[in-house]
Amino acid sequence: MESSTTFLLTALILISSYTHSTSAARYPTSKINTEFIRTSCLATTYPKLCYTSLSSHANSIQTSPHLIASTALEVTLSSAKTTSAMMLNLSLSQGLKLKEVAAMKDCVEELSDSVDELKRSMGEMSKVGKESREFKIMINDIQTWVSAALTDESTCSDGFGGNDMNGNLKTVVRGKIVNVAQLTSNALALINKYALIHG
């Protein structure tokens, strides 16, 4: 009986010290991961947005240049999809001028293309290192698609540059599109950085 009690106490002490040591170790690791995102984001045009959009993914990104580029693409795609759906709903709103409706429809098409290009780049990114194709060819394709997505988003934003549009509508739409474009720009910068490190 005494030996089983001693065994139980020893086990509890071991578990307690293990839990303490892992929780103590977890904090520095988490800090290292967060710091990796912060320093990686310095290579982007919008480092603050880069950090705020990726910091919640620190544990899955860890300190991987591949994973930070992939996650940036994922976050950008999600934002592009949400913005595209919002634009589609807005284009069906009552009381819009003909020019506004036309700009909305063009923008929905541009964003749809952007979403497709981001999906393709994400699909290709997930295969990097797993297929025998040359890294440089794969990364070039990814860079081309993300650049095309950025061009589509800029074209969409330009469509709302006129002074003859509803001010509130223009502000809301351009704000959303600019946000997606900035996320895309950041993703491209992180992909470029990954290409340099890997190459």
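A residue is called buried here when its relative accessible area is under 20%, exposed when that area is over 50%, and partly exposed in between (1.4 Å probe, protein chains only). The model is a predicted one, where local features need pLDDT of at least 70 and side-chain atom pairs count only at pLDDT 80 or more, while totals for chains, interfaces and linings use all residues. Residues are numbered from 1 along each chain as its sequence is written, and side-chain values use heavy atoms, with hydrogens and water left out.

Now to the cysteines. Two disulfides (pairs of cysteine sulfur atoms within 2.5 Å) turn up in the structure. One joins Cys-41 to Cys-50, with the sulfur atoms 2.0 Å apart. This link of Cys-41 and Cys-50 is left-handed, at -70° about the S-S bond. Cys-50 is buried, with a relative accessible area of 1%, and Cys-41 is buried with 1% as well.

The other disulfide pairs Cys-107 with Cys-156, and here the sulfur atoms sit 1.5 Å apart. Cys-107 belongs to helix 5 and Cys-156 to helix 6 (residues 135-158), so this pair ties together parts that are 49 residues apart in sequence. Helices are DSSP runs of H or I with at least four residues, numbered from the N terminus. Both Cys-107 and Cys-156 are buried. With the bonded cysteines numbered in sequence order, the pairing reads 1-2, 3-4.

Helix 5 (residues 98-125) also holds Asp-113. Asp-113 is partly exposed, its relative accessible area being 38%.

Definitions and conventions:
Helix = DSSP H or I, 4+ residues; strand = E, 2+ residues; numbered from the N terminus.
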